[in-house]
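Dear colleague,

Please find the structure below, followed by a short account of what was found in it.

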Amino acid sequence: MGADNFLTPKAIANRIKAKGLQKLRWYCQMCEKQCRDENGFKCHCASEGHLRQMQLFAESPHKFMNTYSQEFQQEFMKLLSRRYGTRRVHANLVYQEYISDRHHLHMNSTHWQSLSEFVKHLGREGLCEVDETPKGWFIKWIDRSPETLAKQEAIQRKERMERTDEERTQKALEEQIKKAQEQAAEQEQEATELKRDTAEEPIKLQLKTTFASKPFKKFEPKKLNALAMASKKTATPATSSRAPENGGTSSTDLVGKKVSAVEQIIQDELARKRKGPPGGFSFSQRDEKKRR
Ligand SMILES: [Zn+2]
């Protein structure tokens, strides 16, 4: 729509008809004059004052349009924020209240051809949360005043601090739980050890076998070594009969009682084999050798 015929009665009438706002029909925004009927409006449009205003408007239509649009938006938002705050409200309800002021800035002098267009503009500009329903457009003011922003910032800061406090407490609590669990585990271990000491017969036996198995485990490689040593010495015929016995005693000193006893038997057996024909094994034979 061109700026030249924007405020002609026909143009205004057409816009108002489209919006169904008959009441606003005979209003001249440039002169801020409300006429009672079509005839009155016609007379006004022919008046000297109106023509002067229209000349001004024609010189810089965009400037007027921008000023009117700005003012319309400001007044509308002022009403919305004061009357409804940040509550969601039907856009038309706010508009009806807005136009109930006889000297309100009329929307037909703004960029916006209809209320829904204006509402969409508010949504685009981030001034309101807007949503369209079958019942029409709803708007919700977004409070961006410095005080509110400062308040929100303070709340967020407080929440952040509370969060870190909470995290710290949580961490300390977790550490305490961990420590307690470790202590509990230690105590349990002590308890089981005690139980074994004062346990019934089968458990005692089990403990004995495990303890007894230890020297045998240690002994096995030694036994192999002793056998290897013995076989080496038997392979070389130039060795004296005492040599294996001496080697045996030195190795038996290193190991426990049981090892020495077994090794003694092996060595005795080897010595016996070297000396003469196989015969019965007796303690007297071993005693004789020991005496020698
Ligand atoms: Zn006028």
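How are the donor residues of the zinc ion spaced in sequence? Their spacing is C-x2-C-x12-H-x5-H. The model is predicted, so local features need pLDDT of at least 70 and side-chain atom pairs count only at pLDDT 80 or more, while totals for chains, interfaces and linings use all residues. Residues are numbered from 1 along each chain as its sequence is written, and side-chain values use heavy atoms, with hydrogens and water left out.

Zinc site. Cys-28 (SG), Cys-31 (SG), His-44 (NE2) and His-50 (ND1) lie 1.8 to 2.1 Å from the zinc ion as its protein donors (N, O and S atoms within 2.8 Å of the metal, or 3.2 Å for Na, K and Ca; water is not among the atoms, so sites may look incomplete). The four donor atoms subtend angles of 102 to 114°, which makes the arrangement tetrahedral (four donors with all angles between 85 and 135 degrees). Cys-28 is buried at 3% relative accessible area, and His-44 is buried at 7% (buried means under 20%, exposed over 50%, partly exposed in between, with a 1.4 Å probe and protein chains only).

Salt bridges. The whole structure holds nine salt bridges (a side-chain nitrogen of Lys or Arg within 4 Å of a carboxyl oxygen of Asp or Glu). One of them joins Glu-48 and Arg-52 at 3.6 Å, N to O; Glu-48 and Arg-52 are both exposed. Another links Glu-97 with Arg-83, with the closest N and O atoms 2.7 Å apart. Glu-97 is partly exposed at 23%, as is Arg-83 at 45%.

Yours sincerely

Conventions
Four donors count as tetrahedral if all angles lie between 85 and 135 degrees; four count as square planar and six as octahedral if opposite donors are over 155 degrees apart and all others between 65 and 115; anything else is irregular.
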